[in-house]
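Biologist: I have a protein on the screen and want to learn how to read it. Please take me through it feature by feature.

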Amino acid sequence: MEFQTAEVTLTFYLAQALAFGGAFVASMLGSYYFPRGARRMLVALSALLVFTGSACLIGAMYVEALALALVAGGGVLLGIGCAGMFMLWQRYFASLSPTQGNFRLIVGSALAPLIYFALYLVPIALTAFLVPLVFVPLCGLCIALSVREMRLDQPMFEDVPRDHPRVYRQVVVDYWRSALAVGALAFASGVIRGVALLHQELAAVVNSASMLGALASAAVLLVLWFRMSFRFGMTTVFRVVYPLVITGFLLLPWLGAGYLNLFAAFTYLVFSLVQMLMMMQCARISRDRGINPVFIYGFFGGVAYLMQSAGFLLGWMSDFASLDGLESLFAVAMVSSWVLGLTLLASTGTLFKPLASRGTLAAEPIEFMMPEPSAVKTGKAAKAKEKTRGKTSREGAEPPKKRRNRPSATADAGAIRDRVSKQCLQLQHEHGLSLRETEVMELIARGNSMASIAERLVISENTVRTHAKHIYTKLDIHKRQELLDMLADLEG
């Protein structure tokens with residue numbers, strides 16, 4: 001504890017935050033320009049970087065002359081290594097079905113705080129050694145075992161981004177608002193982290209709040225998920241918490257240390273939820289559009305964690321605005337409110353509107369469809385629901401009404417334009433097709449080729465073929481003519 005001076009802590013957090021955010025940007029660019037290298041599972045390399053970074057921090061406590069250099073090096077190695085670990089887990093969750101991936105991600109987020117708080121039972125002198133000697137090997141082993149479950153023949157892993165750059169440009173255009181919303185909340189958490197350096201008593205509060213936030217968020221999501229179906233997007237979350245966050249910053253200079261503790265806890269609680277939702281949304285985007293999961297997660301993570309680094313610098317440098325702590329908090333409140341206000345305008349579509357109008361696909365929300373409890377573990381939820389829906393009588397079925405929420409589809413998906421679209425919606429209702437699959441099915445029925453469907457929906461051909469395969473499986477058919485026959489039968 002004596003080793004953790006303000007200088008050492010600042011050096012570590014700044015080096016780690018910049019390396020962490022930079023690693024996400026590098027991963028995004030690397031997956032685009034060098035897709036073959038991005039397919040490799042570098043579990044051992046990521047674990048080695050985290051191990052070496054932790055060893056540098058331990059060495060800094062014993063080699064006083066090189067303390068700052070070792071701390072900075074340890075921060076960089078830990079930032080890059082942890083980003084690699086995050087990326088490996090993201091690829092794993094994206095490779096699973098939505099039900100399995102979301103369930104395991106939520107449960108993992110709930111278990112992490114329990115492990116964290118269990119460390120308080122360990123003598124504090126030993127905790128620094130537990131990371132490289134116990135937790136890094138365990139994490140590497142868990143990832144290595146999980147990789148065995150992955151199906152690497154899925155379109156998103158076989159995708160070569162440079163073969164169809166328009167798809168990737170469109171993804172950035174469609175999702176920069178969501179990424180900016182995540183970045184705004186990351187910026188707020190970074191500011192609080194920087195302020196915590198100036199108030200050492202806040203450090204433990206911030207860490208505990210982050211863990212409690214992950215536990216509470218995971219528990220609430222699980223309860224809601226098993227009781228109801230719902231959907232929401234990152235911009236929606238930002239709009240909901242924005243009034244609370246900006247009010248918290250504006251009250252920061254006026255209230256005392258007790259309020260600062262509460263606001264820090266709330267900010268990190270929100271950011272813990274957003275981190276989990278960001279991984280879910282990136283996995284869904286990767287599945288739906290057939291793009292490399294490293295690219296989309298690197299894009300979101302690069303925006304979020306670089307903005308968090310900027311917030312961290314603001315929170316720490318605010319102390320130099322004045323010798324009076326009150327005036328320094330005024331500076332934090334004003335600048336943070338200005339950044340959050342601009343971000344709200346941009347992410348909700350009232351700023352940079354011409355850029356948004358170019359996109360053909362809306363930023364789809366994360367969807368939680370109520371799973372069967374046993375199916376979450378076995379991965380058979382979808383099959384069970386398909387069998388149930390397939391038994392529905394066609395004679396009594398009615399096509400669903402036009403839907404206002406259109407996840408994973410273009411803006412006009414679900415609209416009834418003519419007889420074919422109405423028939424496709426009826427098949428969707430009877431056989432449990434997703435809105436995206438219904439959209440692809442309609443285009444197939446209208447005689448479009450795989451290439452033209454990919455061009456129209458701005459997705460890769462591999463993704464279209466995967467959707468077609470799922471459609472034929474759910475309908476229990478094998479070719480386009482059988483689909484046309486099914487649609488014709490509905491006319492009776």
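Predicted model: local features only at pLDDT ≥ 70, side-chain atom pairs only at ≥ 80, totals over all residues.

Biologist: How many helices and strands does the protein have?

Modeller: Helices (H or I, at least four residues) and strands (E, at least two) are DSSP runs, numbered from the N terminus. The protein has 21 helices and two strands.

Biologist: What share of the residues count as buried?

Modeller: Buried means under 20% relative accessible area, exposed over 50%, and partly exposed in between, with a 1.4 Å probe and protein chains only. Of the 492 residues, 49% count as buried.

Biologist: How do I read a nonpolar core?

Modeller: In soluble globular proteins, nonpolar side chains tend to be buried together. A nonpolar core is a set of buried Ala, Val, Leu, Ile, Met, Phe, Trp, Tyr and Cys residues joined through side-chain atoms within 4.5 Å. Here the largest core has 86 residues, and F249 and F300 touch the most other members. Helix α8 (residues 165-198) gives the most to this core, with 18 residues.

Biologist: Which residues does F300 touch?

Modeller: Contact means heavy atoms within 4.5 Å. Leaving out residues up to four places away in sequence, F300 touches Y175, S178, A179, V182, M278, Q281, C282 and I285. A second, separate core has 22 residues, including V440, I444, I471 and M486.

Biologist: How do I describe two packed helices?

Modeller: Use the angle between their axes and the distance between the axes. Axes are lines fitted to C-alpha atoms, for helices over the stretch in contact, and angles run from 0 to 180 degrees between N-to-C directions. Helix α18 (residues 435-445) and α20 pack at about 95°, with axes 9 Å apart. Angles of 65 to 115 degrees count as roughly perpendicular, so α18 and α20 are roughly perpendicular to each other.

Biologist: Which residues of α18 and α20 meet?

Modeller: From α18 come R436, E437, V440, M441 and I444; from α20 come V464, H467, A468, H470, I471, Y472, K474 and L475.

Biologist: And what about charged pairs?

Modeller: Side chains of opposite charge can pair when their charged atoms come close. A salt bridge is a side-chain nitrogen of Lys or Arg within 4 Å of a carboxyl oxygen of Asp or Glu. By this rule there are five. One of them joins K474 and E437 (2.9 Å, N to O). K474 lies in α20 and E437 in α18, so the pair ties together parts that are 37 residues apart in sequence. E437 is buried, at 6% relative accessible area.

Biologist: Where do E439 and R436 lie?

Modeller: Both lie in α18, three residues apart, about one turn of the helix. E439 and R436 are both buried.

Biologist: Is R446 buried or partly exposed?

Modeller: R446 is partly exposed, at 35% relative accessible area. Its salt-bridge partner is E442 (2.8 Å, N to O). E442 counts as buried, at 9%.

Biologist: Which loop holds D476?

Modeller: D476 is in the loop between α20 (461-475) and α21 (480-489). D476 has a positive phi of about 60°, although it is not a glycine. D476 is exposed, with a relative accessible area of 62%.

How values were computed:
Residues numbered from 1 in each chain as written. Heavy atoms only, no water. Parallel < 35°, antiparallel > 145°, perpendicular 65-115°, else oblique.
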